[in-house]
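Trainee: I would like to go through this structure with you, beginning with the whole and then turning to the side chains. Shall we open it?

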Amino acid sequence: MSNQKSDDLESLMKQSQAGDQHAYAALLQKTARLLRPFLMKRLSFTSDVDDVLQEILISIHKARHTYDGNRPYTPWVYAIAHFRLQDYLRTHYADQLHQAIDVDTLENNLSQPVTESDMTYESIHVEVQKLPEKQATILQLMHQDGYTAKEVAEKIGMKESAVKVAAHRAYKILKKTLQR
């Protein structure tokens with residue numbers, strides 16, 4: 001993002017904190033335009049993007065009093081967006097895992113042609129187990145057991161950033177494997 005746009009958002013936020021309702025409306029519109037591509041890269045369905053974007057804007061509204069005008073706006077808003085997205089994904093995958101089918105049923109279904117994707121952690125469990133042990137453990141803890149990256153890091157004695165990198169690499173491997 002250019003400095004001009006960043007400065008504009010910071011200025012709008014400061015005006016909003018001072019009570020300017022027009023600046024606040026403009027800030028939320030520009031923030032939504034900023035975050036939509038971020039969410040579209042990470043979510044499959046437009047309705048999910050809209051839902052998460054609304055949650056993010058609500059969180060920004062509730063946390064706007066915590067914004068420090070001496071610091072950049074975009075990292076602050078992306079941090080909020082990241083946490084709301086993680087909350088959504090954790091809930092979304094937990095719901096899907098509760099509805100997962102039995103592994104035996106899955107193996108029977110795998111022999112039939114695939115016409116649409118109904119992918120859950122359980123449905124790719126076999127492929128996850130083929131990953132390097134640490135990556136498989138991380139994905140199981142995050143997507144089957146519902147732990148956050150921070151909690152997984154504490155559990156297995158790694159840094160949170162290392163857990164995220166390992167998970168990202170595992171996702172890339174799974175994506176290539178499952179696209180075949």
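**Surface, fold and side-chain pairs**

Mentor: The protein exposes about 11900 Å², and carbon and sulfur atoms supply 50% of that area. Please keep in mind that this is a predicted model.

Trainee: How many helices and strands does the protein have?

Mentor: The protein has nine helices and zero strands. Read from the N terminus, the order of elements is α-α-α-α-α-α-α-α-α.

Trainee: What share of the residues is buried?

Mentor: Of the 180 residues in the protein, 32% are buried. As for contacts between residues at least 6 apart in sequence, 52% join residues at least 24 apart.

Trainee: Let us move to the rings. How many aromatic pairs are there?

Mentor: The count comes to four aromatic pairs. One of them is formed by F38 and Y78, whose ring centres are 5.3 Å apart and whose planes stand at 65 degrees.

Trainee: Why is the pair of F38 and Y78 edge-to-face?

Mentor: The planes of F38 and Y78 are at 65 degrees, and an angle over 60 counts as edge-to-face.

Trainee: Where do F38 and Y78 lie in the chain?

Mentor: F38 belongs to helix 2 (residues 21–40) and Y78 to helix 4 (residues 73–98), so the pair ties together parts that are 40 residues apart in sequence.

Trainee: And F38, buried or exposed?

Mentor: F38 counts as buried, at 14% relative accessibility.

Trainee: Which other pair is edge-to-face?

Mentor: Y67 and Y73 form an edge-to-face pair, with 5.8 Å from centre to centre and 75 degrees between the planes. Y67 is buried, with a relative accessible area of 6%, and Y73 is buried as well, with a value of 0%.

Trainee: Which residues do ring pairs link into a cluster?

Mentor: Y67, Y73 and W76 are linked into a cluster by ring pairs.

Trainee: Over which ring does the charged end of R64 sit?

Mentor: The charged end of R64 sits over the ring of Y24, at 5.1 Å from the ring centre.

Trainee: Now the charges. How many salt bridges are there?

Mentor: The count comes to six salt bridges. Side chains of opposite charge can pair when their charged atoms come close. D8 and K30 form one of these bridges, and their closest N and O atoms are 2.5 Å apart.

Trainee: What parts of the chain does the pair of D8 and K30 link?

Mentor: This pair links distant parts of the chain: D8 is in helix 1 (residues 3–17) and K30 is in helix 2, 22 residues apart. D8 counts as partly exposed at 27% relative accessibility, and K30 counts as partly exposed at 31%.

Trainee: Which residues are linked in a network of salt bridges?

Mentor: R84, D87 and R90 are linked in such a network. The side chains of R84 and D87 meet with 2.2 Å from N to O, while D87 and R90 meet at 3.1 Å.

Trainee: How many residues apart in helix 4 are R84 and D87?

Mentor: R84 and D87 are three residues apart in helix 4, which means that about one helical turn separates them. D87 and R90 are likewise three residues apart in helix 4, again about one helical turn. An α-helix has 3.6 residues a turn, so residues three or four places apart point the same way.

Trainee: How accessible are R84, D87 and R90?

Mentor: R84 is partly exposed, with a relative accessible area of 27%. D87 counts as partly exposed at 30%, and R90 counts as partly exposed at 30%.

Trainee: A change of topic: how many residues does helix 7 have, and what does it span?

Mentor: Helix 7 (residues 133–144) has 12 residues and reaches 15 Å from its first C-alpha to its last, close to the expected 16 Å.

Trainee: Which residues of helix 7 are buried?

Mentor: The buried residues of helix 7 are Q135, A136, I138, L139, L141, M142 and H143.

Trainee: And what follows helix 7?

Mentor: G146 follows helix 7, and its phi is positive, near 80 degrees.

Notes
Residues are numbered from 1 along each chain as its sequence is written. This is a predicted model: local features need pLDDT of at least 70, side-chain atom pairs count only at pLDDT 80 or more; totals for chains, interfaces and linings use all residues. Side-chain values use heavy atoms; hydrogens and water are left out. Rings of Phe, Tyr and Trp (its six-membered ring) pair if their centres lie within 6.5 Å; planes under 30 degrees apart count as stacked, over 60 as edge-to-face and the rest as tilted. Helices (H or I, at least four residues) and strands (E, at least two) are DSSP runs, numbered from the N terminus. Buried means under 20% relative accessible area, exposed over 50%, partly exposed in between (1.4 Å probe, protein chains only). A charge sits over a ring if NZ of Lys or CZ of Arg is within 6 Å of the ring centre and within 35 degrees of the ring normal. A salt bridge is a side-chain nitrogen of Lys or Arg within 4 Å of a carboxyl oxygen of Asp or Glu. The expected span of a helix is 1.5 Å times one less than its number of residues. Contact means heavy atoms within 4.5 Å. Accessible areas come from the Shrake-Rupley method with a 1.4 Å probe; for residues, only the protein chains shown count as cover.
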